[in-house]
Amino acid sequence: MKVLLLKDPKDKDSGPDPYIKELGSYSLEATLIPVLSFEFTSLDSLFEKLSHPECYGGLVFTSPRALEAIKICLKEKSKKEAWSKSLKQMWNIKPTYVVGKATASLVEEIGLVPQGEKAGNAEKLAEYICSREKPNSSALLFPCGALKREVLPTVLREKGIPLESLTVYQTTQHPDLQESLSSYFSQQGVPASIAFFSPSGVKFCLQHIQKLSGDLINQVKVSSLKNGGMQEAGNLGWANEIERLLHPLQTLILSLLCVYFSEEILIYSKYKCYTEFQNSRMVWLGRDFKTHLVPPPCHGQGHLPLHQVTPTPSNLALVGF
């Protein structure tokens with residue numbers, strides 16, 4: 001089964017890409033194609049605000065790119081010295097809220113301690129912040145991209161928690177995207193599944209994929225690891241909806257396996273149950289089941305936990321999650 005992953009590959013110096021390696025262990029032949037490029041802006045303004053931690057109640061990061069902007073600032077000797085001597089310590093007595101392990105890792109690289117990385121997405125992080133911050137306190141500084149979703153700012157505003165956003169990068173299409181997609185489809189053919197990793201990735205790829213897939217477009221299974229990605233993918237008539245529940249790599253494997261095997265699968269996690277209905281092209285993975293066409297089964301209704309289910313080709317592959 002061939003899978004097209006529309007994301008940047010991992011840095012070659014840090015070893016094999018984990019998506020390629022892990023998907024390969026499930027006999028999924030994955031290929032990575034970079035989709036996005038980033039232009040950093042307002043770096044002087046960013047460091048000016050970072051130089052006054054006394055004006056803020058903490059930091060919020062929902063993207064690794066915002067941390068990359070800070071790291072670019074710290075390449076200047078004077079700014080790096082100021083950060084190391086005092087600014088880092090002053091920020092460390094305040095919370096640094098983040099989404100995801102990748103962002104948390106970059107926060108640690110600049111000497112700060114991340115909080116909330118297990119929240120999984122901006123919506124859940126907003127809930128986490130609201131549980132810890134008091135209304136009308138000092139504003140949280142939020143370096144972000146120009147295409148950020150408004151979910152987190154809206155939730156915090158409704159709860160009376162001040163948030164100061166600063167756009168530090170612009171998202172653009174990767175210059176080699178169209179050529180890379182054309183090369184892939186001409187050499188590999190139409191993939192069985194395509195995985196998006198951002199709404200922007202969907203936006204930049206839609207027309208190219210439609211044209212290259214031709215009449216086979218309706219046979220392609222699609223997943224997105226961000227809710228906003230599926231809003232964009234809806235333009236293609238693809239309905240899979242994946243929420244960040246597990247580690248993103250595990251979530252992707254689950255979604256790919258479930259749409260590949262045309263049978264009912266029930267998967268339990270610590271917080272949720274997950275079901276794929278036979279002959280359905282929709283995949284749900286989330287706490288909110290209000291939009292389900294069919295009420296999801298639950299353990300209390302007599303369904304067995306995953307480790308007790310009679311093995312099938314699909315759930316055998318899922319053991320261990």
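**The sheet and its helices**

Modeller: Helix α6 (residues 122-130) lies across β4, β5, β6 and β7, and runs at about 155° to β5. This is a predicted model, so local features need pLDDT of at least 70 and side-chain atom pairs count only at pLDDT 80 or more, while totals for chains, interfaces and linings use all residues. Residues are numbered from 1 along each chain as its sequence is written, and side-chain values use heavy atoms, with hydrogens and water left out. Helices (H or I, at least four residues) and strands (E, at least two) are DSSP runs, numbered from the N terminus. Angles, from 0 to 180 degrees, are taken between N-to-C directions, with axes as lines fitted to C-alpha atoms, for helices over the stretch in contact.

Six strands form an open sheet in the order β3-β8-β7-β4-β5-β6, with mixed pairing; two strands pair if DSSP finds at least two bridges between them. At the edges stand β3 (36-40) and β6 (114-115), each with a single partner strand, so one side of each has no neighbour in the sheet. Strands β4 (residues 58-61) and β7 (residues 140-145) run parallel and are joined by two bridges. Gly58 stands opposite Leu140 in β7. Helix α5 (residues 101-109) also packs on the sheet, where it touches β4, β5 (96-98) and β6; contact means heavy atoms within 4.5 Å. The direction of α5 makes about 150° with that of β5.

Helix α7 (residues 151-158) has Leu152, Pro153 and Leu156 as its buried residues. Buried means under 20% relative accessible area, exposed over 50%, and partly exposed in between (1.4 Å probe, protein chains only). Seen down the axis of α7, these residues fall within an arc of 95°, so they line one face of the helix; the arc is that of the directions from the helix axis to the C-beta atoms. The buried residues of α7 pack against β4, α6, β7 and β8 (163-173). After α7 comes Gly160, with a positive phi near 80°.

Cys144 is buried because its relative accessibility is 3%, whereas Cys55, at 46%, counts as partly exposed. The structure holds zero disulfides, a disulfide being a pair of cysteine sulfur atoms within 2.5 Å.

His208 lies in helix α9 (residues 199-213). His208 counts as buried because its relative accessible area is 19%. Leaving aside residues up to four places away in sequence, His208 touches Gln173, Leu177, Gln178 and Leu181. His208 and Leu177 are 31 residues apart in sequence and 9.2 Å apart in space, C-alpha to C-alpha.

For context, the protein has 12 helices and 12 strands. Of its 321 residues, 45% count as buried. Among contacts between residues at least 6 apart in sequence, 69% join residues at least 24 apart.
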